[in-house]
Amino acid sequence: MGVVEEVGEGVSVVKEGDRVVMPFNVACGTCYNCLRGLSGACLVMNPESAGAAYGYAEMGPYRGGQAELLRVPRADWACLQLPGRPGDDREEDFLLLSDVFPTAYQATEMAMVSPGKTVAVFGAGPVGLLSAYSSIIKGASEVYVVDRSPARLERARSIGAVPIDFTEGDPVQQIKERRKENAVVKGSLHPEMKLDGVECGIDAVGYQAYGRQDPEEYDPAQVLSDLVNVVNPAGHLGIVGAYMPQDPKGRNEQERNGLLTIPFGLLWTKGLSMQTGQASVKNFHAPLRDLIVAGKAEPSFIVSDRVNIDEAPEAYAQFDKRDEVTKAVIRFE
Ligand SMILES: NC(=O)c1ccc[n+]([C@@H]2O[C@H](COP(=O)([O-])OP(=O)(O)OC[C@H]3O[C@@H](n4cnc5c(N)ncnc54)[C@H](O)[C@@H]3O)[C@@H](O)[C@H]2O)c1
């Protein structure tokens, strides 16, 4: 996010001096996939495969976006114009349009969240918290957020979600217990025995999921398994948490080759739908900006820290602990 300093010859819409935010996706905007709203899988900008991004492994020759100056390919497509001026009171809300707010909103689309639905979000990082927030904006009737970080779970509670600490017991059972308190379930308006979980499940953790046997060790299949167990028959899963074709830090040969053991038979028997992959940020860019401008969305509630560029390494080290530092905003001053 920033102010346009200079435009190239091929740029006709964006002008010097415009205040803009860009998606983390680098995309052409015109290929077969981009034209049908799948810019996260653009067929042009990554010479190696589908989908390109700034500073992300195997997603094209683009350096990271956390820099004082950024060259923006296909700038007319990428740049979303913003009202106001740098440093105003919407700055942090607008900044989150570059990735986590649209990504989280897409997670709710993948999981088919709509008014009245019940939702379980695994992970209370930036993506998980904003998935819960997007679900609430869409009118979900109950939203559970699972994590182990007290600070992050507190932020979930602050927006009206129900925090579930997985160190206090199996989160699937905890959610099913809490659901019994719900008026719809209590009043037997739904057949409780068959619909004791939730309708929509969101994975905002990915392969770096802590296991339950040893919470200090990653178990990349943990959240996928929990979701299959907690989502009701005919429900929907949105998997925005990242998974890798190869994971050199995997615990065994299978994990190192990106092969995970999940209860696929149960998933199939329940008839769950599952969507995965990189978000196509552009689809939600302008509508979410407009919700912010209208005062109907304030995603910046996730921001915990503001640092200058020279403090960024320390902020990253703290963020890696996945607790107090939920989202650090880097300023270039
Ligand atoms: N699909 C996309 O386009 C896209 C875009 C942005 C981020 N992501 C991915 O989304 C995921 C979340 O991103 P983030 O920035 O919020 O990350 P994060 O690491 O800050 O948050 C993950 C949270 O999950 C929690 N967690 C770990 N194991 C858990 C478990 N077993 N059950 C419940 N919670 C558990 C952690 O404590 C942490 O708070 C990452 O995998 C990231 O790469 C995907």
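Predicted model: local features only at pLDDT ≥ 70, side-chain atom pairs only at ≥ 80, totals over all residues.
User: Which residues of α7 and α9 make the contact?

Analyst: Let's take the two partners one by one. From α7 come Pro171, Val172 and Ile175. By class, the contact of α7 with α9 has four nonpolar, one polar and one charged residues. The partners on the α9 side are Asp226, Asn229 and Val230.

User: Are α7 and α9 roughly parallel or roughly perpendicular to each other?

Analyst: Start with the axes of α7 (residues 171-179) and α9 (residues 222-230), which come within 9 Å and cross at roughly 30 degrees. Angles under 35 degrees count as roughly parallel. So the answer for α7 and α9 is roughly parallel.

User: Which element gives the most to the shell around the ligand?

Analyst: The ligand is surrounded by 28 residues, and the closest are Gly123, Gly125, Val127, Gly206 and Ala279. At least two residues of the shell come from each of α5 (126-137), β7 (142-147) and α9. With three residues, the element that gives the most is α5.

User: How many residues of the shell around the ligand are nonpolar, polar and charged?

Analyst: Good one to check by class! The shell around the ligand holds 28 residues. They divide into five charged, nine polar and 14 nonpolar.

User: How many residues of helix α4 are buried?

Analyst: Helix α4 spans residues 100-110 and is mostly covered. Its buried residues include Val100, Phe101, Tyr105 and Met110, and the buried residues of α4 pack against α5, β9 (198-203), β10 (231-239), β11 (273-276) and α12 (282-293). Of the eleven residues in α4, the number buried is ten.

User: How far apart in space are Ala312 and Arg331, C-alpha to C-alpha?

Analyst: Leaving out residues up to four places away in sequence, Ala312 touches Val307 and Ile330. Arg331 is 19 residues from Ala312 in sequence. In space, C-alpha to C-alpha, Ala312 and Arg331 are apart by 9.3 Å.

Terms used
Residues numbered from 1 in each chain as written. Axes fitted to C-alpha atoms, helices over the stretch in contact; angles between N-to-C directions. Helix = DSSP H or I, 4+ residues; strand = E, 2+ residues; numbered from the N terminus. Parallel < 35°, antiparallel > 145°, perpendicular 65-115°, else oblique. Contact = placed C-beta atoms within 7 Å. Nonpolar A, V, L, I, M, F, W, Y, C, P; charged D, E, K, R; others polar. Near = placed C-beta within 6 Å. Buried ≥ 20, exposed ≤ 12 C-beta atoms within 10 Å, placed from the backbone.
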